[in-house]
Amino acid sequence: MTTSPSPATPSTATPRFAAIGMVVADMAAALAFYRRLGLDIPADADTAPHAEAQLPGGLRLMWDSYATARAIDPDWTPPQAGAPTGLAFECDGPAGVDKVYAELTDAGYTGEKPPWDAFWGQRYAVVQDPDGHGVDLFAPLP
């Protein structure tokens with residue numbers, strides 16, 4: 001008889017998901033992009049080798065410069081643009097998706113996929129941050 005493993009019982013030794021980290025070529029450019037999406041990031045972080053923003057629910061979004069990544073791992077190399085890392089931001093309704101997408105693309109960021117009504121019931125769009133990471137914008141359709 002095969003038995004399934006029982007779910008782990010959380011303990012003080014159980015790791016907990018606490019942060020998402022991204023390595024960026026230009027800290028100031030990356031942080032300017034995420035500020036436009038409403039993240040509260042101090043201005044003095046633009047010249048720092050590491051920056052963080054507190055997200056709802058206690059999760060943190062962190063950015064490190066290429067120099068920081070190489071200090072941790074001298075063999076580190078930047079990923080190809082469009083690497084499979086992405087973040088998603090919920091907008092204020094379907095019109096909010098269109099508005100945020102337009103604001104970002106008008107500011108010079110690359111639109112990867114213009115807003116559309118997705119079959120799964122959301123208004124959706126994708127714009128690239130300065131390092132080519134796809135950032136999804138979404139809102140439920142009425």
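Helices here are DSSP runs of H or I with at least four residues and strands are runs of E with at least two, both numbered from the N terminus. What I am showing is a predicted model, in which local features need pLDDT of at least 70 and side-chain atom pairs count only at pLDDT 80 or more, while totals for chains, interfaces and linings use all residues. Residues are numbered from 1 along each chain as its sequence is written, and side-chain values use heavy atoms, with hydrogens and water left out.

Let me begin with the helix. Just after α1, G38 adopts a positive phi of about 95 degrees. At the start of α1, a side-chain oxygen of D26 comes to within 3.2 Å of the backbone nitrogen of A28, a polar contact, that is, a pair of N or O atoms within 3.5 Å, where within protein one must be able to donate a hydrogen and the other to accept it, and residues adjacent in sequence count only if both atoms are side-chain atoms. M27, A30, L31, F33 and Y34 are the buried residues of α1, buried meaning under 20% relative accessible area with a 1.4 Å probe, protein chains only. Seen down the axis of α1, these buried residues fall within an arc of 155 degrees, so they line one face of the helix, the arc being that of the directions from the helix axis to the C-beta atoms.

Turning to the sheet, it is open, with three strands in the order β1-β3-β2 and mixed pairing, where two strands pair if DSSP finds at least two bridges between them. β1 (19-24) and β2 (50-54) stand at the edges, each with a single partner strand, so one side of each has no neighbour in the sheet. β2 and β3 (residues 60-65) run antiparallel and are joined by five bridges, and E52 has M62 in β3 as its bridge partner.

How values were computed: Buried < 20%, exposed > 50% of the residue type's maximum accessible area, 1.4 Å probe, protein only.
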